[in-house]
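Keep the viewer open and follow the topics in turn.

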Amino acid sequence: MNGRLTTCVLVAVAALGCSTRDTPPLRAPDATLGNLQVFDLGAPAPAAPDVGALYFTLVNTGAEADTLTAVATPDGTAMLHTVVTEDGLSRMRHVMAIPAPPRDTLRLRPGGYHVMVSNLARRWAVGDTVRLTLTFARGGRLELAAPVRTYTEVVERLERSEGR
Amino acid sequence: MGGWVEGRIGGSADRRIERRVVGHRISDIGQRVVLFLLLTACIADAPPDPEDLRGALLPEPLVGVDFTLTATDGTPFDFRERTAGNTLTLLFFGYTSCPDICPVHMANLAAVLQRLPPQVAGGVGVVMVTVDPDRDTPARLRSWLDNFDRSFVGLTGTLDEVNAVMRSLRLPPAVLDPPAEDGSYLVGHAAQVLVVTSDGLLRAMYPSGTRQADWAHDLPLLVRTNWEER
């Protein structure tokens, strides 16, 4: 009896050990709108007094494609941007929409798609919350509260989420 | 070793304190330090295999990282002379109204240098040259850099002067985009961090998107390389 119990416990511990190693921890999304889930939402505390950025990971769990068509914040002028590098020159480009393909992950991360906010009405400090509205072609509007963190923390969260 | 630690331009107060603390603890962890130094001495001469680096090592070093621009305190800054005491200088061209690439590079470097052992971090200087001198006043540039690390050097010049420096490093000159309705504008610029060794040679480049883990992996390798043998 004792022997069998010990074996069961050992097997259970081994299985637990495997599952914690092999499966990424389940995370609750920061916000959900139908089949769209937002993770890793954050705004770095800007180093400049008047310009900031917001990043997040968007998972479309549905079978239908959607499109992020607009961003807005009461704190300034928000625009969707991407970074394009041609002939060694990196430039930010204003984009009108970002596709969110079905069963896929869209990453707004440094050096790629991001929300740029210019003409900041207040300087974001660590601990502040930034109100952000995303508008999707199918899903409609999603109101978000983005925590302001240090650049390092925002970048580390995004990198962890990419598993690198 | 003390030579390049002292020679490092404007080492941050925090890291100086860290170095002193480490100094006091040497007697306690003497054995480990001796072991570390022995290990370092054994591998100090091995140049890095490009395959081992996450950044791009230039096949041939580029000669002539030699220019003078103006530091944020208004004094002339002779890059070659003022960085000769660093084992490595990380040189970047960017601007403070840049919300994405520029602050992320600076934040990543600051975070990694804070965490690396002082033997590595103490030999590394960071210099940022603005490609937007009209908006980046010395005060604005200083305040922006201080968000990351007070030891980071900020340089300004006219856009023509800065572009001439970039051309000398075979980088494309910066391009100012047409201003928006509110007068704000974006600047296109080479987004890589350049690695310059104490002999003034450009050795490697790190593109936008380089992660903290990449820096933490490569900087110790780059610092302990005997570049004269390459």
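**A strand pair and what surrounds it**

In chain B, B:Thr89 stands opposite B:Val196 of strand β9(B). Please keep in mind that this is a predicted model.

- Strand β4 (residues 88–94) and strand β9 (residues 193–197), both of chain B, pair in the antiparallel sense over four bridges.
- Helix α8 (residues 159–168) of chain B packs on the sheet, where α8 touches β1, β2 (68–71), β4 and β5 of chain B. The direction of this helix makes about 125 degrees with that of β4(B).
- Another helix to look for is α7 (residues 138–146) of chain B, which lies across β5 (124–130) and β6 (153–156) of chain B. Helix α7 runs at about 155 degrees to β6(B).
- As a reminder, strands of a sheet pair through backbone hydrogen bonds, and they do this in either a parallel or an antiparallel way.
- In what order do the eight strands of the open sheet in chain B come? Going across, the order is β1-β10-β9-β4-β5-β6-β2-β3, and the pairing is mixed.
- At the edges are β1 (56–62) and β3 (76–78) of chain B, each of which pairs on one side only.
- On average, neighbouring strands of this sheet are turned by 35 degrees against each other, with direction ignored.

**Chain B as a whole**

- The secondary structure of chain B consists of nine helices and 10 strands.
- Chain B has 230 residues, and buried residues make up 51% of them.
- Take the contacts in chain B between residues at least 6 apart in sequence: 74% of these join residues at least 24 apart.

**Cavities**

- How many cavities of 30 Å³ or more does a search of the whole structure find? The search finds three.
- The largest cavity has a volume of about 110 Å³. It is lined by 15 residues, and the closest to its centre are A:Pro110, B:Val104, B:Asn108, B:Gly209 and B:Thr210.
- Two elements give two or more residues to the lining of the largest cavity: α2 (151–161) of chain A and α5 (101–115) of chain B. Helix α5(B) gives the most, with four residues.
- By class, the lining of the largest cavity holds five nonpolar, six polar and four charged residues.
- The second largest cavity contains about 60 Å³ of space. From chain A, its lining includes A:Ser90, A:Arg91 and A:Met92. From chain B come B:Tyr95, B:Cys98, B:Ile101, B:Leu186, B:Val187 and B:His189.
- Strand β6 (residues 89–94) of chain A gives the most to the lining of the second largest cavity, with three residues.
- Sorted by class, the lining of the second largest cavity has six nonpolar residues, two polar and one charged.

- A:Ala146 sits in strand β11 (residues 140–149) of chain A.
- Is A:Ala146 buried or exposed? A:Ala146 has a relative accessible area of 0%, so this residue counts as buried, the cut-off being under 20%.
- Apart from neighbours within four places in sequence, A:Ala146 is in contact with A:Leu41, A:Leu54, A:Asp128, A:Thr129 and A:Val130.
- A:Gly42 is 104 residues from A:Ala146 in sequence, yet the two are 5.1 Å apart in space, C-alpha to C-alpha.

Conventions:
Residues numbered from 1 in each chain as written. Chains lettered and ligands numbered in written order. Predicted model: local features only at pLDDT ≥ 70, side-chain atom pairs only at ≥ 80, totals over all residues. Heavy atoms only, no water. 1 Å grid on protein atoms, 1.4 Å probe; cavity = no way out; pocket = protein on both sides within 12 Å on 5 of 7 lines; lining within 4 Å. Points joined across faces, edges and corners; volume = space filled by probe spheres on them. Nonpolar A, V, L, I, M, F, W, Y, C, P; charged D, E, K, R; others polar. Pairing = 2+ DSSP bridges. Axes fitted to C-alpha atoms, helices over the stretch in contact; angles between N-to-C directions. Contact = heavy atoms within 4.5 Å. Buried < 20%, exposed > 50% of the residue type's maximum accessible area, 1.4 Å probe, protein only.
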